[in-house]
Amino acid sequence: QVQLVESGGGLVQTGGSLRLSCAASGLTFIDYNAGWFRQAPGKEREFVAAINKSGGPTRYADSVKERFTISRDNAKNTLYLQMNSLRPEDTAVYYCHTQISGRPYWGQGTQVTVSS
């Protein structure tokens, strides 16, 4: 079955960097667009970034533009999110996402905490 497993979260100070990874299995990863979402305590899950299945066009939430970079390595079935210049408001659980035939798939999430 389809599995998405995130890693790379942690505690970092304001201005620091983290790189999240999402290992995909049970699907032909190159066939699907993918992205990252996040959910802060007491808030709804929100879009962060997305990337085309071939690694081409990307798009970002305004709040992370110029700070976060999404990428993928289809040979490794892995999605990445490089996060720089982190802010306390970036604190959230980050989720990997893809969609197959209209059905969404999510990982279990990885916690990112940015201290001020």
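Start with Asp 62 and Lys 65, whose side chains pair up in a salt bridge at 3.1 Å, N to O. Keep in mind that this is a predicted model. Asp 62 is exposed, its relative accessible area being 65%, while Lys 65 is partly exposed at 41%. This pair is one of 4 salt bridges that turn up when the whole structure is searched.

Now move to Arg 67 and Asp 90, another salt bridge, with an N to O distance of 2.7 Å. This one ties together distant parts of the chain: Arg 67 sits in the loop between strand 6 and strand 7 (68–73), Asp 90 in the loop between strand 8 and strand 9, and the two are 23 residues apart. Arg 67 has a relative accessibility of 7%, so it counts as buried. Asp 90 comes in at 1%, so it is buried as well, given that the cut-off is under 20%.

Where does Asp 90 go from there? Its loop runs between strand 8 (78–83) and strand 9 (92–100). The side chain of Asp 90 also makes a polar contact with the side chain of Arg 38, at 2.9 Å. Setting aside neighbours within four places in sequence, Asp 90 touches Arg 38, Arg 67, Phe 68, Ser 85, Val 112 and Val 114.

Follow Arg 38 next. Its side chain meets that of Glu 46 in a salt bridge at 2.6 Å, N to O. Arg 38 has a relative accessibility of 5%, which means it counts as buried, whereas Glu 46 is partly exposed with a relative accessible area of 36%.

With Asp 90 buried at 1% relative accessibility, salt bridges with shared partners join Arg 38, Glu 46, Arg 67 and Asp 90 into one network.

On to the pockets. The largest pocket has a volume of about 230 Å³. Its lining is made up of 15 residues, and those nearest the centre are Asn 33, Ala 34, Ala 50, Ile 51 and Arg 59. Which strands each supply at least two residues of that lining? They are strand 4 (34–39), strand 5 (46–51), strand 6 (58–60) and strand 9.

Technical notes
Residues numbered from 1 in each chain as written. Predicted model: local features only at pLDDT ≥ 70, side-chain atom pairs only at ≥ 80, totals over all residues. Heavy atoms only, no water. Helix = DSSP H or I, 4+ residues; strand = E, 2+ residues; numbered from the N terminus. Polar contact = N/O pair within 3.5 Å; in protein donor to acceptor, adjacent residues only side chain to side chain. Contact = heavy atoms within 4.5 Å. 1 Å grid on protein atoms, 1.4 Å probe; cavity = no way out; pocket = protein on both sides within 12 Å on 5 of 7 lines; lining within 4 Å. Points joined across faces, edges and corners; volume = space filled by probe spheres on them. Buried < 20%, exposed > 50% of the residue type's maximum accessible area, 1.4 Å probe, protein only.
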